[in-house]
Amino acid sequence: MFWTFNQQASAIDGLLSKDDCTLAELLDEDDVLQECKGNNAKLIEFLVDPRIMEELIALVTTERDPDANPKTKYKHPSAACNLLASDVQAITEKLITEESLLAKLWSFVETDQRLDALLASYFSKVVAVLLKQKPAEMLNFLRTRADPVALLLRHIDTSAIMDLVVILTSCCDNALVRADVTAWLNSQHL
């Protein structure tokens with residue numbers, strides 16, 4: 001016996017079929033994360049475009065106008081964070097292999113200003129996923145930055161950054177990488 005299923009195209013596929021599809025339109029869709037985790041090839045191809053990745057990072061690291069509408073202020077940054085931290089291999093690989101993207105993400109903590117707690121939680125979530133999935137690569141990136149531990153400690157009063165420091169100290173299961181991380185943190189006087 002053969003079964004036939006009426007498989008309908010998702011709203012995401014409909015948006016992606018348009019020539020002028022925007023990231024904002026995709027982030028408005030409630031099932032964008034589910035489609036991404038379901039390995040929707042067209043969606044992932046769209047998301048790993050360097051311009052789109054930069055937009056996603058900007059959404060999780062840039063403060064919004066206090067008078068902005070709730071979609072712009074809350075929904076889009078939250079969806080962007082969830083996409084960047086989704087454990088989808090193509091997104092993780094793009095973030096970890098494009099130093100300019102990592103640098104843009106990391107620039108969030110390169111300030112003397114007090115961090116926005118919500119944005120700090122988005123930043124920490126994305127960096128924590130990268131540390132868990134690609135600890136050696138993240139450690140190599142952090143070694144290229146000027147005083148990365150000091151930057152994190154400058155913002156230790158933000159709970160999400162404090163959590164990130166804890167994750168940094170215990171970020172991997174591989175004993176060799178963990179020893180490398182511990183030695184580097186020791187050299188950074190943590």
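In which helix is Met-162 found? I located Met-162 in helix H12, residues 159–169; helices are DSSP runs (H or I) of at least four residues, numbered from the N terminus.

I noted that this is a predicted model, in which local features need pLDDT of at least 70, side-chain atom pairs count only at pLDDT 80 or more, and totals for chains, interfaces and linings use all residues. Residues are numbered from 1 along each chain as its sequence is written, and side-chain values use heavy atoms, with hydrogens and water left out.

**Entry: exposure of Met-162.** I found Met-162 partly exposed, at a relative accessible area of 40% (buried is under 20%, exposed over 50%, partly exposed in between, with a 1.4 Å probe and protein chains only).

**Entry: aromatic pairs.** I counted 2 aromatic pairs. Rings of Phe, Tyr and Trp (its six-membered ring) pair if their centres lie within 6.5 Å; planes under 30 degrees apart are stacked, over 60 edge-to-face, and the rest tilted. The ring centres of Trp-106 and Phe-123 lie 5.9 Å apart with planes at 50°, so I recorded this pair as tilted. Trp-106 belongs to helix H8 (residues 99–106) and Phe-123 to helix H9 (residues 117–133), so the pair ties together parts 17 residues apart in sequence.

For Phe-108 and Phe-123, the centres are 5.3 Å apart and the planes at 35°, so this pair is tilted. Phe-108 sits in the loop between H8 and H9 and Phe-123 in helix H9, so parts 15 residues apart in sequence are tied together.

**Entry: the cluster.** I recorded Trp-106, Phe-108 and Phe-123 as one aromatic cluster. Phe-108 is buried at 9% relative accessibility, and Phe-123 is buried at 0%. Trp-106 is likewise buried.

Notes:
Helices (H or I, at least four residues) and strands (E, at least two) are DSSP runs, numbered from the N terminus.
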